[in-house]
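Trainee: I have a new model open and I'd like to learn how to read it. Can you walk me through it?

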Amino acid sequence: MKRPGRTLAEVLAVLAAAAIAFPLYWMVLSALKPESEVISSDPKPWTLQPSLDNFTRVLTTQGFGRYFLNSVLVALVVVALSLLISFLAATALTRLRFRGRTLLLVMLLVAQMVPVEALTIPMFFLMRSVGDAVPAFGLNQLGGLVLVHLAFSLPFAIWMLRGFVAAVPVELEEAATLDGASRQRFLWQVLFPLVAPGLVATSVLSFIHAWNDFLFAKTFIISASENQTLPLALLAFFKPDQNDWGAIMAGSTLMTVPVLVFFVLVQRRLVSGLAGAVKG
Amino acid sequence: MIGISRDGRAALAYLAPAALVLIGLLGYPIYQLVLISFYDYGQEQVSGGAPLNWLGLGNYAKLLSDSQFWTVLAQTVGFAACCVLGTLLVGAALAVLATRVRAVPRALLFLAALGAWATPTVAGSTVWLFLFDANFGLVNEVLGLQGFSWTYDRWVAFGLVAAQVVWCSFPFVMVTLYAGIKAIPGEVVEAAALDGASVPRTVRSVILPLLRPLLVVVTIQSVIWDFKVFTQIYVMTGGGGVAGGNLVLNVYAYQQAFAASEYGLGSAIGVVMTVLLLGFTAIYLRALRRSGEAL
């Protein structure tokens, strides 16, 4: 069966995909180009002498490996914690009737509107006092960074999961209850697998949130450079007179690849899972 | 019924971890932010070398009488509006396009969109900056504009940053709407077709109402994000453009606090931004409720 206009739609889709992906292609390409081709007034969309010079420079002079591990550690812990906490909270907010529910929802929205950049001021003082009591969660510590990220990714994670939990038909819960399942059992054995696509989507966003951040790292990791994260290391290549574009592109590539891998791994669940879970 | 109190107790248990984190690490700092905005809070007060000086609404009065604040506010609103519109249009168009094509072009489209989405903000900003670099950028080479700076003129720079913002934020809209369209049971659309509804009619009366909750989420989310764009402006225009021409409120607040050590004033700008976003959301939600949609 041939549908009219589908060829046109497919050509459009491929063109759009190429345009969207182009900046990424350019990033990887520039990272692989030798210095003379990067800093050239006649840039070519290919290279005949690919080299890893830019990568070596980035990894040796800036200690990217260490920062990389720090970033991964922080992001993974934030994702795991925020998934558990937000799943419980989202379930309470969609499945249970209690006083103050709407108020809580509104507060979750409000929390997302407060500009993070301005909040770093009071957060700094808070982390300083926390560090006096529990050093592992204070300034200059990855634990402190995890807590800060957790606080900032939770409102959105809960808000997002809410929609997925709400999409699971209430009849399912009634059926489970009729079959004698306890609330706990329903929660973990029925609801949790059903909102898996939502959990995936939420974890992706929490991950990006933590991975992207450079402001918190810059503000809260002041003197302990061994606990620094990636984005700051990248910004070190920006110089007022002459940017080291090759190194910047190599650093950007190193920073983008893990997220890309994570995305590709989960994308099937992210995209098609939702439809299946809701229908099934 | 007994259900109410049991629900209440379960809700308390489920919400406790979230509440603990949010009250301690978000609620308390927000309270502090408002508090600081009432003080003359500079470098000396931070280090404890000078006593705190209560200004009341002094910082706000200073802000409202500052003509630069109004310029920045207008720029922020205009910039955010363009970004939101662009993001929603591109995201929705590509989501619909994705439902119309076979698996391979769709996979390519999603792969590209996920790539743009996955790119860390700092990395995305630097790549766009490099593509549009005055001397070494591909865009100038292709257009024959050697030496033309895309970040010098205020509006050109805003355009460039907006394009980057749309590039990295449309995938969220696209994926969410695509999933939403896919979740609409085929029988519903078939039933509409059997009842003689045309395609536009089906879209308007069946698909859009079903997508509405998702549209609400992506719109509010885009407004919140785009009103607070920080990294792109900061990295791409070098901290707010030539002579501060590309400042948006968020960057302005940051500059006031951390560059000028006016923490009180910076906090006041933060509070103003929050109130503005709150106002927008309140109006939006009220409009929704009037049309019969619950939160």
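Mentor: Let's go through confidence, the overall fold, the record annotations, helix packing and the contact between chains.

Trainee: Where does confidence run lowest and highest in chain A?

Mentor: Keep in mind that this is a predicted model. Where pLDDT is low, the predicted coordinates should not be read in detail. Chain A has a mean pLDDT of 82, with 92% of its residues at 70 or more. Its lowest helix is helix 13 (residues 245–279) of chain A, at a mean of 72, while helix 1 (residues 6–32) of chain A is highest at 92. Watch residues 272–280 of chain A: pLDDT stays under 50 there, and the model has 17 contacts beyond four places in sequence for that stretch.

Trainee: What is the mean pLDDT of chain B?

Mentor: Chain B has a mean of 86, and 96% of its residues reach 70 or more. Within chain B, helix 2 (residues 43–47) is lowest with a mean of 76, and helix 4 (residues 67–100) is highest with 94. For the model as a whole, the scores are ipTM 0.84 and pTM 0.83.

Trainee: On to the fold. How many helices and strands are in chain A?

Mentor: Chain A has 13 helices and zero strands. Its C-alpha trace spans about 70 × 70 × 30 Å along the principal axes.

Trainee: Which residues of chain A does UniProt mark as "transmembrane region"?

Mentor: The unreviewed UniProt entry puts that feature at residues 7–28, 67–90, 102–125, 145–165, 186–208 and 245–266 of chain A. Then you look at what the model does over a span. Residues 67–90 of chain A are 100% helix and 0% strand, with end C-alpha atoms 33 Å apart. Residues 145–165 of chain A are also 100% helix and 0% strand, and the end C-alpha atoms lie 29 Å apart.

Trainee: And which residues of chain B does the "transmembrane region" annotation cover?

Mentor: In the unreviewed UniProt entry, the annotated spans of chain B include residues 12–31 and 233–253. Residues 12–31 of chain B are 100% helix and 0% strand, with 23 Å between the end C-alpha atoms.

Trainee: Now packing. At what angle do helix 4 and helix 10 of chain A pack?

Mentor: Two packed helices are described by the angle between their axes and the distance between the axes. Helix 4 (residues 64–95) and helix 10 (residues 196–212) of chain A pack at about 140°, with axes 8 Å apart. These two helices of chain A are therefore oblique to each other, and their crossing is right-handed. The residues making this contact include A:Val78 and A:Ser82 of helix 4 of chain A, and A:Ser203 and A:Phe207 of helix 10 of chain A. By class, the contact of helix 4 with helix 10 of chain A has 10 nonpolar, six polar and no charged residues.

Trainee: What about helix 4 and helix 10 of chain B: how do their axes cross?

Mentor: The axes of helix 4 and helix 10 (residues 199–227) of chain B come within 9 Å and cross at roughly 140°. That makes helix 4 of chain B oblique to helix 10 of chain B, and the crossing is right-handed. Among the residues that meet are B:Cys83 and B:Thr87 in helix 4 of chain B, and B:Ser222 and B:Asp226 in helix 10 of chain B. That contact of helix 4 with helix 10 of chain B has seven nonpolar, four polar and one charged residues.

Trainee: Is the crossing of helix 12 and helix 13 of chain B left-handed or right-handed?

Mentor: Helix 12 of chain B passes helix 13 of chain B in a left-handed crossing. Their contact includes B:Tyr252 and B:Gln256 of helix 12 of chain B, with B:Gly266 and B:Ile269 of helix 13 of chain B. By class, the contact of helix 12 with helix 13 of chain B divides into nine nonpolar, four polar and no charged residues. The axes of helix 12 (residues 249–259) and helix 13 (residues 263–290) of chain B come within 7 Å and cross at roughly 160°. Angles over 145 degrees count as roughly antiparallel, and helix 12 and helix 13 of chain B are therefore roughly antiparallel to each other.

Trainee: Last one: how many residues of chain B are in contact with chain A?

Mentor: The model has 77 residues of chain B in contact with 76 residues of chain A. Helix 1 (residues 3–36) of chain B gives the most to the side of chain B that touches chain A, with 19 residues. By class, that side of chain B has 56 nonpolar, 14 polar and seven charged residues.

How values were computed: Residues are numbered from 1 along each chain as its sequence is written. Chains are lettered from A and ligands numbered from 1 in the order in which they are written. This is a predicted model: local features need pLDDT of at least 70, side-chain atom pairs count only at pLDDT 80 or more; totals for chains, interfaces and linings use all residues. Axes are lines fitted to C-alpha atoms, for helices over the stretch in contact, and angles run from 0 to 180 degrees between N-to-C directions. Helices (H or I, at least four residues) and strands (E, at least two) are DSSP runs, numbered from the N terminus. Angles under 35 degrees count as roughly parallel, over 145 as roughly antiparallel, 65 to 115 as roughly perpendicular and the rest as oblique. A crossing is left-handed if the near helix is turned anticlockwise from the far one by less than a right angle, and right-handed if clockwise. Two residues are in contact if their C-beta atoms, placed from the backbone, lie within 7 Å. Ala, Val, Leu, Ile, Met, Phe, Trp, Tyr, Cys and Pro count as nonpolar, Asp, Glu, Lys and Arg as charged, and the others, Gly among them, as polar. UniProt positions are given in the numbering used here, feature names are shortened, and annotations may be inferred rather than shown by experiment. pLDDT is the predictor's confidence in each residue, from 0 to 100.
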